[in-house]
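Here's a quick briefing to read with the model open beside you.

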Amino acid sequence: MNILVLGGDGYLGWPTSMHFATRGHEVLAVDNYLRRTIARQTDSEALIPTPNLQKRAEIFEAVSGHEVQVEIGDCTNYRFMERIFSEFEPDAVVHYAEQPSAPYSMIGYEEARETLNNNLNATLNVIHAVKEHVPDCHIIKLGTMGEYGTPDIDIPEGWIEIEHNGRSDEFLFPRQTGSLYHTTKIMDTDLLWFYVRMNDLRVTDLMQGPVYGLSTPEADMDDRLVPNFHYDDIFGTAVNRFLTQAVAGVPLTVYGEGGQIRGYLNINDTLQCVELAAENPVDPGELRILNQFTETFSVNELAEQVQRVGNEMGLSVDIQHIENPRQEPEDHRYNPDNSGLLELGLEPHYMTDEVVADMLERLLQYEDRIEEDRILPRVSWNPETEEEEASEPVS
Ligand code: USQ
């Protein structure tokens, strides 16, 4: 297949590009380095240095013999997107080209506007470029489990049957998020659903939970092919942050009560899921929604596992509950369905103690590069803690 990866320089975009190329597909990775730019602006650069996308593609070709084509450009520029889609003629487009940080989207007006503009315009451009130039192309869109929020009822895969006044019909599950970033993903889903109905597009929307890990078969071929690993409060997710904090000897920053439950997955399972979606395209006029995670646990359980494994390795790991800079429930029900990808053939890699130990071992090599002033939250949108917590504005 011809696989177009939008956001090909990202934490998931780069490993995805290598993964498809290794399996013999033609791959074109597109990126405008937005995340690298924001990371520089907010003092949130990745822990492990990563060469730019063109360089990574050269290194990958030298060590593997497989090619990832690269185009540097902005997915919010429709003329650029038209050229890419009409020249490359993708069979599937994997759309990761979004500003992915909840805290960044909540800093202030400029960051909110940038997140909204980037995410919605990129999605609209993907839709129109497909509609105009490659109508049979399967759009594989990365959504987020955060679209659902944490409702007090079970979470299905995208759709719910609603009975009202004695009649029933099927609708998108009601969604309510805790950040503007997550809200842009709801809006993306609504846009996609509209165009699926109007134009018979083929779309898979993958509702993904937080991803962890920095080892994939391709990334392990050369240190310079490592996925971008962030540990700061803007781009670092709880898993990556806790691992780095354990290595740095800083107490693990559990926000609030720590009862926040999420659905997590290993980066290798993201690669499997996206490949399974591509290999099993939906029919024209179908929006398939799949929940992409393999296990659920609370922030407290995650912190306790990192603490236990870290201490067994001789690190001295403390856990500290700090005021939650976010507005989110800290004690809630969480029972999402994730059967769709398992039925397609996903073979999960779970977060075992061995997996945690491997990640800690790897990070110990970069201990000297950890900057401790990136660890405490610098962005707050919890009105109760905003004043005292947002110590230094980042923009
Ligand atoms: N948390 C802590 N301590 C920290 C960092 C986070 O307790 O130092 C808590 C947060 O308050 C939250 C949970 O951990 O309750 C998850 O936060 P996160 O930063 O790991 O993940 P999140 O902001 O939700 O976003 C990440 C990715 C995003 C993706 C999302 C999937 O950055 O792109 O969409 O995970 S999900 O969480 O399912 O919405």
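A polar contact here is a pair of N or O atoms within 3.5 Å. Keep in mind that this is a predicted model. With that cut-off in hand, look at Pro-100: a polar atom of its backbone sits 2.9 Å from an oxygen atom of the ligand.

**Around the ligand**
- The ligand has 22 residues around it, and the nearest are Tyr-181, Ala-238, Thr-253, Arg-326 and Glu-328.
- Tyr-181 also puts a polar side-chain atom 2.7 Å from a ligand oxygen.
- His-182 gets in on this too, with a side-chain N or O atom 2.9 Å from an oxygen atom of the ligand.

**Helices α4 and α6**
- Helix α4 (residues 78-88) and helix α6 (residues 109-133) have axes that come within 9 Å and cross at roughly 45°, so the two are oblique to each other.
- The crossing of α4 and α6 is right-handed.
- On the α4 side, the contact uses Tyr-78, Met-81, Glu-82, Phe-85 and Ser-86, while α6 brings residues including Ala-122, Asn-125, His-128 and His-133.
- Sorted by type, the residues of this α4–α6 contact are seven nonpolar, four polar and two charged.

**Helices α10 and α12**
- Helix α10 (residues 299-312) packs on helix α12 (residues 353-364) at about 70°, with the axes 10 Å apart, so this pair is roughly perpendicular.
- α10 and α12 make a right-handed crossing.
- Gln-305, Val-306, Arg-308, Val-309 and Gly-310 of α10 meet Asp-353, Val-356, Ala-357 and Leu-360 of α12.
- That α10–α12 contact splits into five nonpolar, two polar and two charged residues.

Key. Residues numbered from 1 in each chain as written. Predicted model: local features only at pLDDT ≥ 70, side-chain atom pairs only at ≥ 80, totals over all residues. Heavy atoms only, no water. Axes fitted to C-alpha atoms, helices over the stretch in contact; angles between N-to-C directions. Helix = DSSP H or I, 4+ residues; strand = E, 2+ residues; numbered from the N terminus. Parallel < 35°, antiparallel > 145°, perpendicular 65-115°, else oblique. Left-handed = near helix turned anticlockwise from the far one by under 90°. Contact = heavy atoms within 4.5 Å. Nonpolar A, V, L, I, M, F, W, Y, C, P; charged D, E, K, R; others polar. Near = heavy atom within 4 Å. Polar contact = N/O pair within 3.5 Å; in protein donor to acceptor, adjacent residues only side chain to side chain.
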